[in-house]
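Please go through this model strand by strand, then turn to the helices and the surface. A short report follows the display.

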Amino acid sequence: MRRSADSFGLPDLPFVVTPSTFTSHSPDEIRAMVDDKLPEIVTLLTRGGGNAAAAPAPAPAAHETALEFTADDGIRAVEAMNERFLELGWGDGFPLYPPTADRVAAMLRGTRRAPDSVVAVLEPGFGIATVETIAANAVMAGCKPEHLPVLIAAIECIAEPAMGLRTKAMSTGPQAPMIVVNGPIRQRIGLNSGRNALGPGAPSKVNTAIGRALRLCMMNIGHTYPDIGDMDTIGSPTKYSMCLAENEEVSPWDPLQTEHGFARDQSTVTVHFNYGLTELHDFESHTPEDLIEVFVSAAQNTGAVTTGFWLTGRRAEGHFGLSEQEHDLILVCPEHAEIFGKAGWTKDRLRTEIHKRARLPFKTLMHTKQAKSFNAAHPELAWLWDSPDTLVPVLEDEKCYDIVVVGATAGRSQMWWGCGATATKVVEE
């Protein structure tokens, strides 16, 4: 709360703090927490002040022009730098490469853009992402100069207003960005689109470095600092790094960028924010009709935020100022893609079939979601209260399923439950 108030220019904003969140509590418990705080609320509204005795929230130190670390040898100096950067909140917990002036200058040679040109303003801290500040974080993540254009395009993606970065960055959920790269640049810079595309190890070292650099930019430019702005309940390893390239060479379909209006020979970056994943394991099915049932079962997961959320008014009324559709991302392995492709199923056919089959009883969706907002969002569907067993689509329409072919041999695809809109940008080399 204090961090948000500072970001929005209201450092003295008074507020009260309840013993717990209002979620997952009974109405009586919520009412008791509110009643207990009413006197304090009245005082703040009528007399002003407040929060004076509260300890300020810890915050990373202001950026200094230069830091110097000396030790008996270079390794100990780097260790000292890493410890200090963690104290300042600039690190992700893994060892960082020193962002020295010469390394940053070398990184900047990967783009024709001027170092001081502004790429974006990143929420929630409204930090100004210049080419140079992005390059410094790229150095720390272990990127090479040829990786910088992909990272810049990813920054442009997450800064798109429709992405709702502030909500995703400050949420109590594990939303994390996944970078999907298409076009010639994939092979030119050594991105992995096959086995272990999401890591770990040497085959995906480029994927890992670029994905990690995006998270560092979110932290050090956008101020998405854990426990200060990022209030994730449990956290997720996906927040460290997620980047892959589509395996266009083995796909029976046109690549992702063509679905967003770009040419096949254009290099693009698409960013999805995702909550989490499940494996779509099927070694037996050899027809689309059988195989798709595995995909449908994952889409029907009532524990996923996306499942049935379109019914709660997020699309109709806006959510935190946004009007967006949820997008689930399906990473289809080549073996499964071949089954669909040989049978003549296009991506559109696959999307349509999943949307048609992925349905749950209305009463089930209302039990797990915000039933109170349903009537306001969908008055035309009020009759469903009298027919609670009616099957309802779990996502709004077939366009809510994005499909990317990735990976190697074996019948193991993945369903990633998405979080709102996506964005695609051309990589400027």
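Which residue in strand 10 does leucine 277 stand opposite? Leucine 277 stands opposite tryptophan 416. Keep in mind that this is a predicted model.

**The strands**

Start with strand 10, which covers residues 412-418. Five of its seven residues are buried, so strand 10 is largely enclosed by the rest of the structure. Strand 5 spans residues 268-281 and pairs with strand 10. The pairing is antiparallel and runs over seven bridges. Strand 10 also has a link to strand 6, residues 328-332. Here three bridges join the two strands, again in the antiparallel sense. Isoleucine 330 has methionine 415 of strand 10 as its bridge partner.

Strand 5 pairs with strand 3 too. That pairing is antiparallel, with seven bridges. Valine 181 stands opposite valine 269 of strand 5. Strand 3 runs parallel to strand 4, residues 243-245, and three bridges join them. Valine 180 faces leucine 244 of strand 4 across this pairing.

The pairings are set out here.

| Strands | Sense | Bridges |
|---|---|---|
| Strand 5 and strand 10 | antiparallel | seven bridges |
| Strand 6 and strand 10 | antiparallel | three bridges |
| Strand 3 and strand 5 | antiparallel | seven bridges |
| Strand 3 and strand 4 | parallel | three bridges |

How many of the seven residues of strand 3 are buried? Seven of the seven are, across residues 176-182. Both faces of strand 3 are covered. Ala176, Met178, Val180 and Asn182 are buried on one side. Pro177, Ile179 and Val181 are buried on the other.

**Helix 13 and histidine 336**

Helix 13 spans residues 334-342 and contains histidine 336. Its buried residues include Pro334, His336, Ala337, Ile339 and Phe340. What covers them? Among the covering elements are strand 5, helix 11 (288-299), strand 6, helix 14, strand 9 (401-405) and strand 10. After helix 13 comes glycine 344, with a positive phi near 85 degrees.

Is histidine 336 buried or exposed? The cut-off for buried is under 20% relative accessible area. Histidine 336 has 0%, so it is buried. A polar atom of the histidine 336 side chain lies 3.5 Å from the backbone oxygen of glycine 411. Beyond residues up to four places away in sequence, histidine 336 touches Leu280, Asp282, Leu291, Phe295, Gly411, Arg412 and Ser413.

**Helix 14 and isoleucine 354**

Isoleucine 354 sits in helix 14, residues 347-357. This residue is also buried, because its relative accessibility is 0%. Which residues does isoleucine 354 contact, leaving aside neighbours within four places in sequence? They are Ile292, Phe295, Val296, Ala299, Ile330 and Tyr401. Tyrosine 401 is 47 residues away from isoleucine 354 along the chain. The C-alpha atoms of isoleucine 354 and tyrosine 401 are separated by 8.3 Å.

**A nonpolar surface patch**

Now to the surface. Val118, Val121, Phe126 and Ile128 form a nonpolar patch there. Together they have about 350 Å² of accessible area. Phenylalanine 126 lies in the loop between strand 1 (118-122) and strand 2 (127-130). At 33% relative accessibility, phenylalanine 126 counts as partly exposed.

Methods: Residues numbered from 1 in each chain as written. Predicted model: local features only at pLDDT ≥ 70, side-chain atom pairs only at ≥ 80, totals over all residues. Heavy atoms only, no water. Buried < 20%, exposed > 50% of the residue type's maximum accessible area, 1.4 Å probe, protein only. Helix = DSSP H or I, 4+ residues; strand = E, 2+ residues; numbered from the N terminus. Pairing = 2+ DSSP bridges. Contact = heavy atoms within 4.5 Å. Polar contact = N/O pair within 3.5 Å; in protein donor to acceptor, adjacent residues only side chain to side chain. Patch = residues over 30% accessible without salt bridge, like charges linked within 9 Å, V, L, I, M, F, W, Y side chains within 5 Å. Areas by Shrake-Rupley, 256 points an atom, 1.4 Å probe, with all protein chains shown as cover. Salt bridge = Lys/Arg side-chain N within 4 Å of Asp/Glu carboxyl O.
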